[in-house]
Amino acid sequence: MRIFKNEKALRPEYMPEHLPYRENHLRKLKLYFSQFIEEPGSICPKVIMIGKTGTGKTVTARKFGMEINEKYGNKNLKYVHVYCYSKRTLFSVLKDIAQQLGVALPKRGFSISDMMQLLLDTLEEKNLYIIVTLDDVFHLTDVSEEEQLSDFIKFSEEMYHKTGKYRIGMILISQDSRFLERLDRSARSLLGNVKIEFEPYTKDQIYVILEQRAREALREDAYDDDILQMIADVAGADEERGAEGHRGDARFALDVLWQAAKLAELDGSSRITPEHVREALKHSVPGIPVEYLEGLSLHKKLFLLAIVRALKARKNQAYVPFGIVEETYNIICEQYGERPRKHTQLWEYLRELKRLGIVETRLSGKGMRGRTTLISISTVNISIPAEPLEGLERILEDLIRRDMT
Ligand SMILES: Nc1ncnc2c1ncn2[C@@H]1O[C@H](COP(=O)(O)OP(=O)(O)OP(=O)(O)O)[C@@H](O)[C@H]1O
Ligand SMILES: [Mg+2]
């Protein structure tokens with residue numbers, strides 16, 4: 001029995017037609033950028049967007065960007081969205097911007113300043129103006145690379161001195177303002193103080209958001225208002241509990257609804273029941289947004305699934321040795337009819353998953369013979385102490401199935 005009519009509408013990357021409760025934020029953005037748009041080059045707008053997870057920062061910026069690209073994209077103004085989560089160095093951020101602008105990059109031997117120069121030349125040559133969003137920008141201020149974000153902010157200013165035109169407008173998105181403290185003084189003052197705050201969504205607001213997405217994603221008789229209300233009650237912020245845990249997080253709410261719908265389908269049920277919602281709440285993995293998992297290659301997903309299964313098999317232990325994960329991975333590959341990747345490749349995968357904050361590793365204690373790498377799923381942010389592994393396993397299986405068809 002199909003519960004979904006258009007499953008995509010519940011996925012995180014889906015762009016809804018309207019963004020309830022964010023119309024004002026969108027209007028402010030347009031206002032701050034209006035002069036840059038009307039008289040490109042005259043000013044260098046920089047806007048900071050701050051709000052907790054799932055409060056609509058990314059979706060609002062992307063909406064703004066889509067409108068820019070639709071209206072002016074074939075003229076000389078372009079919007080570019082960079083996810084710093086998966087970049088983490090100024091070099092790869094610049095590379096991403098260049099690629100989105102269709103600039104051909106030499107394969108190697110390219111330094112940061114070469115990259116900046118290339119970008120600058122391209123903008124000049126094509127007479128382009130860009131609005132760049134650095135999403136989750138705090139990743140660029142990770143300890144060793146503190147000064148990199150500062151460099152980027154100064155970069156756009158230097159261009160002005162060279163050419164008399166401001167070619168880059170900037171939107172910086174972050175969950176809190178701490179990244180500002182890591183900037184050096186001149187970058188800090190160049191950045192200015194234009195801030196748009198994203199408040200956690202209340203229960204009523206979450207309800208409205210769920211309702212809008214449910215209408216597009218689910219068959220009309222597959223759910224009723226109570227189902228949405230149940231989720232909104234858990235996911236919405238309120239006076240008593242404020243925005244603790246995942247309250248106020250629309251991504252979490254939508255994920256629970258998606259999972260409840262999945263469970264209903266798996267059950268062969270004709271509708272989503274409260275029991276499905278309860279199950280889904282237990283299985284939700286708020287710590288790791290599904291969109292990050294989706295971006296992993298097939299074999300990284302298979303490898304992560306191996307970590308999850310290996311951990312599940314060792315019930316009460318937080319860590320599992322690399323060797324066991326490798327064995328599990330080989331078995332999983334066999335099950336899926338995939339040729340397993342080599343040992344060294346798996347180390348690469350592990351490093352990548354670690355870099356993304358999805359897994360943690362440490363070396364086994366001195367007591368053990370021969371030190372071995374132990375792996376654990378990172379539990380940052382997981383606010384529901386139920387069975388997150390189960391939820392993660394299910395999501396991964398689902399994504400893998402989709403990759404393979
Ligand atoms: N006002 C809204 N109307 C409809 N959908 C929304 C709204 N706000 C957020 N969403 C949806 O909720 C999910 C999370 O939103 P978004 O990714 O923008 O959050 P975020 O603030 O960027 O969170 P994070 O800090 O974790 O990146 C997305 O699927 C988005 O489409
Ligand atoms: Mg975001």
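**Cores, domains and ring contacts in a predicted model**

At 1% relative accessibility, Leu 218 counts as buried, where buried stands for under 20% relative accessible area, exposed for over 50% and partly exposed for what lies in between (1.4 Å probe, protein chains only). This is a predicted model, in which local features need pLDDT of at least 70 and side-chain atom pairs count only at pLDDT 80 or more, while totals for chains, interfaces and linings use all residues. Residues are numbered from 1 along each chain as its sequence is written, chains are lettered from A and ligands numbered from 1 in the order in which they are written, and side-chain values use heavy atoms, with hydrogens and water left out.

Leu 218 is placed in the loop between α8 (203-217) and α9 (225-235); helices (H or I, at least four residues) and strands (E, at least two) are DSSP runs, numbered from the N terminus. Leaving aside neighbours within four places in sequence, the contacts of Leu 218 are Ile 3, Phe 4, Lys 5, Leu 10, Tyr 223, Leu 257, Ala 261 and Ile 272, contact being heavy atoms within 4.5 Å.

At least three residues come from each of domain 2 (201-283) and domain 3 (290-404), the domain bounds being taken from an automatic or database domain assignment. In soluble globular proteins, nonpolar side chains tend to be buried together.

Not counting residues up to four places away in sequence, Phe 303 touches Phe 322, Val 325, Tyr 329, Leu 346, Tyr 349, Leu 350 and Leu 353. Ring pairs join Phe 303, Phe 322, Tyr 329, Trp 347 and Tyr 349 into a cluster. Rings of Phe, Tyr and Trp (its six-membered ring) pair if their centres lie within 6.5 Å, and planes under 30 degrees apart count as stacked, over 60 as edge-to-face and the rest as tilted.

The structure holds eight aromatic pairs. One of them is formed by Phe 64 and Tyr 79, edge-to-face, with 6.3 Å from centre to centre and 90° between the planes. This pair links distant parts of the chain, since Phe 64 lies in helix α2 (residues 57-72) and Tyr 79 in strand β2 (residues 77-83), 15 residues apart. Both Phe 64 and Tyr 79 are buried. Rings also meet charges: the charged end of Arg 11 sits over the ring of Trp 258, 4.0 Å from its centre, and that of Arg 167 over the ring of Tyr 129, 4.5 Å from its centre. A charge sits over a ring if NZ of Lys or CZ of Arg is within 6 Å of the ring centre and within 35 degrees of the ring normal.

Strand β4 (residues 168-174) contains Ile 173, a residue that counts as buried at 0% relative accessibility. Although Ile 173 and Met 49 are 124 residues apart along the chain, 4.8 Å separates their C-alpha atoms. Beyond four places in sequence, the contacts of Ile 173 include Met 49, Ala 61, Leu 134 and Asp 136. Asp 136 is found in the loop between β3 (129-135) and α5 (147-163) and has a positive phi of about 55° although it is not a glycine. At 12% relative accessibility, Asp 136 counts as buried.

The protein is divided into domain 1 (23-198), domain 2 (201-283) and domain 3 (290-404). The centres of domain 1 and domain 3, taken over C-alpha atoms, are separated by 34 Å, and the contact takes five residues from each of these two domains. About 480 Å² is buried between domain 1 and domain 3, with 45% from carbon and sulfur atoms; buried area is the accessible area (1.4 Å probe) that two parts lose on being put together, summed over both. Tyr 85, Ser 86 and Arg 88 supply 82% of the area that domain 1 buries against domain 3, more than any other three residues.
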